[in-house]
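Dear colleague,

Please find below the structure that I am handing over to you.

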Amino acid sequence: MSLVPEQRYPTVSELTSLAGALTALQPGLCALRRVGRSRAGRPLHLLSVGRARRAVLVVAGAHANEPTGGPTLLALAERVLHERGLRDGLSWHFLLCADPDGASLHRVPSPRSLLDYHSGFFRPAGPEQPEWSPAVLPPDRLPPETRALTRLIDELRPYLQVTLHGTDLGGSWVQLTKDIPGLAEPFAKSAAQLHIPVETGSSDAAGWPASGPGVHVMPEPGAGAAYPSMPDDARHSTWYHAHRYGGLTAVVEVPMWASDMVDDPAPHPAPAAAIRRLAHRLLRDAWEVERVLVEALPRLEGVDGPLLRAARWGLELVPGLAADLTHTPPAGTTMAYVGSVDAFARRLPLRAAAMLWRVLREREDRAAPRLEHLVAAWSESFAERFRARWVPVEHQVEHQSRTVVAAALHAREGAA
C-alpha cells in the first residue's frame, strides 16, 4: 500500500534555519537562543515570540518518530506573529526539538508507506527519552535534554506547556495533566473539518476520565494504572513539572495515517476475549523478533548503540504488557478501545523488528532478510487492517496548531 504525502518533514537543521529567518524578519518580537545541548553535543534551540511574563511553552520532537511537531511549531510561531490577539499579555516559546540526537536517527522525511516509515525508524528506549526519563531514572542520571527542558520550565513558569506528539496510524487525541474546560469542542470541530478521526478510546489513556471525545485528563497521583507492568508513569514525567508553578501540560497527538476504526464508540461484542487474542498475538510476534535477536547476538558482541538498546527495551516490555491485557479486565469496552489496543499491540514488535533490522542491515548480517520480511508483512497487514489513509502534512499541522491555540486561550480563561 503506497500512500504518498504532498510534503516532507523538515530536519532539525532546517527548522533552526527557518526559525532564524523568522527572527531576522521580526527582531523586535522574536528571539532565537540556545538553551542546552544533547548528549552528542547538538544544540537545543528556543524560539520566543513576545516578551510578556505570562508564558506558553510549546515542545516539539520529544519522540524522534513523531515528526509533525516541527512544522506545527513554525506554523504556530507565524500565526502568533500575525495575530496580535494571541500576543495580548502572552509570550510564546517554542523548543524546536527536545531530542535532536534521536531526530538524527529517525530517517524518514517523506514516508510513502508504513514500510517506508519503518525502514528508517527510530524511537529511543524509555530512559533515553527527554520527557519520560524522570519516570524511570533517578535525578542524578537524567540526560542533558531533560535537564534543559526542566530548566526552561523553571525559567518560564508557563501557565501552559504543550508538547506536540503524534502516531503513525490512528486518530487524534489530547492528554491533559489538568482539565481545560471548553477545549473538547474546538478540538472536535477542527478534526471533523480536516477529516481526521478522533481517537475516542486511546490505549495511551486507558481508564482515564474524558472531558469530551478524545480529550483525556490524567488521573490523580495514586490512581491505579491500566497497565501496571509499564515502567513509565506520565505523572512522573516532565509534563508535571509545570504544576510547580500552577501550570498544566497538554499533549496533542495527530496521526500520519488515519483510520476510522479508532473513533467508533459502539460497544464491542466481546472486548475481553478480543483483547486476550491480541495479547497472544503480541507475544507471538515479539517471539519472532526475539528469535532473530538471540540468533544474531553472538555476531553483535560489542554493539551497544541506541537502535539496539531501543529494540531490546521494546521487547522487554512485551511479557508484562501481555499479562496486563490477559489477566485484568479491559479498561475500555468500545470498538474504538479494542482497535487502539490492536494498533498498540502491533506497534511494539514491529518497531523492535524495524530497529533491529537497521542494526543487522548496516552490518550486512545474514539475519537481516528475515527481519525485512517481517517488517514488510507486518506493515502491510497494519495498513490493510486499519484501512489506512494518508493525512496531508498541512492538515496534520493545521489541526495540531488549532488545538494548541484553543488550549492556550481556554487555559488562560480558566486561570484568569
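In this message, a residue is called buried when its relative accessible area is under 20%, exposed when it is over 50%, and partly exposed in between (1.4 Å probe, protein chains only). Please note that this is a predicted model, in which local features need pLDDT of at least 70, side-chain atom pairs count only at pLDDT 80 or more, and totals for chains, interfaces and linings use all residues. Residues are numbered from 1 along each chain as its sequence is written, and side-chain values use heavy atoms, with hydrogens and water left out.

I begin with the chain as a whole. Its secondary structure consists of twelve helices and ten strands; these are DSSP runs numbered from the N terminus, with helices (H or I) of at least four residues and strands (E) of at least two. The radius of gyration is 21 Å, close to the 22 Å that the globule rule gives for 416 residues, so the chain is as compact as a globular protein of that length. That radius is taken over C-alpha atoms, and the rule is 2.2 Å times the number of residues to the power 0.38. The C-alpha trace spans about 60 × 50 × 45 Å along its principal axes. Of the 416 residues, 58% count as buried. Among contacts (heavy atoms within 4.5 Å) with a separation of 6 or more, 81% come from residues 24 or more positions apart.

Asp168 is located in strand E5, which covers residues 160–170. Because its relative accessibility is 0%, Asp168 counts as buried. Beyond its neighbours within four places in sequence, Asp168 is in contact with several residues, including His118, Trp257, Arg347 and Arg351. The side chains of Asp168 and Thr167 also make a polar contact of 3.5 Å. A polar contact is a pair of N or O atoms within 3.5 Å; within protein, one must be able to donate a hydrogen and the other to accept it, and residues adjacent in sequence count only if both atoms are side-chain atoms.

Arg346 belongs to helix H10 (residues 335–362) and is buried, at a relative accessible area of 14%. Its side chain forms a polar contact of 3.2 Å with that of Ser381. Leaving out residues up to four places away in sequence, Arg346 touches Arg281, Ser381, Phe382, Arg385 and Phe386.

Arg157, by contrast, is exposed, with a relative accessible area of 53%. Arg157 lies in the loop between helix H6 (144–156) and E5. Its C-alpha is 7.0 Å from that of Ala55, although the two residues are 102 apart in sequence.

With kind regards
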